[in-house]
Amino acid sequence: MLDPQLLRSDIESVARRLATRPFTLDTGAFQAIEQERKQVQGRTQELQAARNQFAKRIGQAKAKGEDVSALMAKAGRGNEELATLEKRLESIQTGLQDFLLGVPNVPHESVPVGASPADNVEVRRAGTPRRFDAPARDHVDIGAAIGMLEFDTAVKISGARFALMKGPLARLHRAIAQFMLDVHTAEHGYTEVYVPYLVNAASMRGTGQLPKFEADLFAVPREAGEGNAAEKLYLIPTAEVPVTNIVREEIVPLERLPLKFVCHSPCFRSEAGSYGKDTRGMIRQHQFDKVELVQICHPQRSYEALEQLTGHAETILKRLELPYRVVTLCTGDMGFSAAKTYDLEVWLPGQSAYREISSCSNFETFQARRMQARFRNEKGKPELVHTLNGSGLAVGRTLVAVMENYQRSDGGVDVPPALRPYMGGVEFIAPAR
């Protein structure tokens with residue numbers, strides 16, 4: 001959520017920057033809310049001061065034995081008006097909060113201006129796409145050849161956009177996640193956390209999923225019961241939600257920053273806005289696994305942390321020897337809450353294209369203001385933290401990349417050397433006979 005003071009001080013500048021996302025800021029609506037807030041707040045403060053004066057005068061009059069009925073009558077009328085205005089002020093503040101909840105983050109000045117993914121800017125590439133003697137197959141055909149990736153069975157069990165893996169392929173999927181966790185905890189200094197997969201609305205609101213993206217979430221209504229309120233819960237779309245909310249309504253001591261967490265979890269997305277996109281295979285599913293990196297840091301160090309976090313995600317691709325590129329997302333392709341985002345795109349021979357496998361973002365204070373996540377600064381005063389996160393990596397898409405980049409001419413798949421210790425020394429997955 002944006003700082004309302006930013007809008008109050010220079011709303012036209014904010015509107016111009018948001019227009020590059022593109023987002024049209026309703027400046028008239030904000031100014032109308034502000035005008036009423038100022039009027040009501042000013043009158044409320046006058047009445048509060050008058051109430052204090054009346055209390056003082058009544059006390060003095062009583063001490064002298066004077067009749068205070070007239071003073072009390074005036075004070076009573078003022079208190080009635082004050083009570084009405086305080087309720088109105090609370091309603092105005094709620095309306096302001098609702099308005100701000102619908103406004104995206106302001107892009108950082110270094111973000112390229114653009115309208116679509118075509119305007120994203122490539123930063124660097126690593127690795128060389130492998131040449132194959134025959135046309136490269138995609139992961140769906142490879143999965144059929146080894147007999148370990150079933151979509152029809154998953155449709156029978158659940159429906160479209162689900163997959164069922166078995167045998168060594170399921171183990172390879174698990175090995176990828178374990179490998180990522182070990183690298184990030186042992187080498188990059190992250191603390192592993194295990195979190196709930198169901199979260200409340202406050203957690204979703206804190207990281208920016210609500211209210212804007214409710215259609216993309218899987219909601220789980222529940223009735224009031226023993227120890228539980230009648231509150232709707234949500235399956236997490238990413239571990240970013242529960243992990244970042246660890247610091248919601250907390251004040252972190254300065255010496256504990258940065259906080260660095262890594263979490264492996266399933267993710268659940270209804271993909272409401274992606275009808276017809278990537279319907280083949282495992283690229284866009286309702287359920288997938290991800291290893292998520294989250295950092296909570298000092299505002300002065302967050303862009304340094306963004307480069308670091310992105311490098312941590314890149315390490316996984318380098319160790320797996322997968323060709324990839326890093327792009328800076330333009331203003332029109334960034335997520336709602338992000339101030340700046342790098343996407344890592346892995347080479348998929350079956351599509352002959354680079355596809356996203358990680359997004360690494362700095363949200364600055366946007367999430368922290370929603371969550372009231374703060375730290376004590378050098379002067380001992382509470383100040384909003386900066387929050388960052390990124391996939392380190394999406395496990396299913398990493399499996400897809402491994403299958404396609406390590407495919408064999410006999411229909412099998414070689415296991416990358418980095419993953420063989422997690423596979424009991426297995427070096428390849430043979431095709432079905």
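1. Phenylalanine 218 stands opposite leucine 235 in strand 7. Strand 6 and strand 7 (residues 233-235) run antiparallel and are joined by three bridges. Strands here are DSSP runs of E of at least two residues, helices are runs of H or I of at least four residues, and both are numbered from the N terminus; two strands count as paired if DSSP finds at least two bridges between them. The model is a predicted one, in which local features need pLDDT of at least 70, side-chain atom pairs count only at pLDDT 80 or more, and totals for chains, interfaces and linings use all residues. Residues are numbered from 1 along each chain as its sequence is written, and side-chain values use heavy atoms, with hydrogens and water left out.

2. These strands belong to an open sheet of three strands with antiparallel pairing and the order 5-7-6. Strand 5 (198-199) and strand 6 (218-220) each have a single partner strand, so one side of each is left without a neighbour in the sheet.

3. Strand 12 (residues 340-348) is largely enclosed by the rest of the structure, because nine of its nine residues are buried (buried means under 20% relative accessible area, exposed over 50%, partly exposed in between, with a 1.4 Å probe and protein chains only). Lys340, Tyr342, Leu344, Val346 and Leu348 point one way from strand 12, while Thr341, Asp343, Glu345 and Trp347 point the other way. In a regular strand the side chains alternate between the two faces of the sheet.

4. Strand 12 pairs in the antiparallel sense with strand 11 (residues 324-328) over five bridges, and valine 327 stands opposite aspartate 343. Nine bridges join strand 12 to strand 13 (residues 353-362), again antiparallel; the bridge partner of leucine 344 there is serine 358. Strands 12 and 13 form a hairpin with four residues between them, and serine 352 in the turn has a positive phi of about 50°.

5. Helix 6 (residues 167-186) has 20 residues and should span 28 Å at 1.5 Å a residue, which agrees with the 28 Å between its end C-alpha atoms. The expected span is 1.5 Å times one less than the number of residues. Among the buried residues of helix 6 are Leu169, Leu172, His173, Ile176 and Phe179.

6. Threonine 244, in helix 8 (residues 240-244), counts as buried at 1% relative accessibility. A polar atom of the threonine 244 side chain lies 2.6 Å from the backbone oxygen of glutamate 240. Not counting residues up to four places away in sequence, threonine 244 touches Thr207, Val294, Ile296, Gln367, Met371 and Thr387 (contact means heavy atoms within 4.5 Å).

Definitions and conventions:
Polar contact = N/O pair within 3.5 Å; in protein donor to acceptor, adjacent residues only side chain to side chain.
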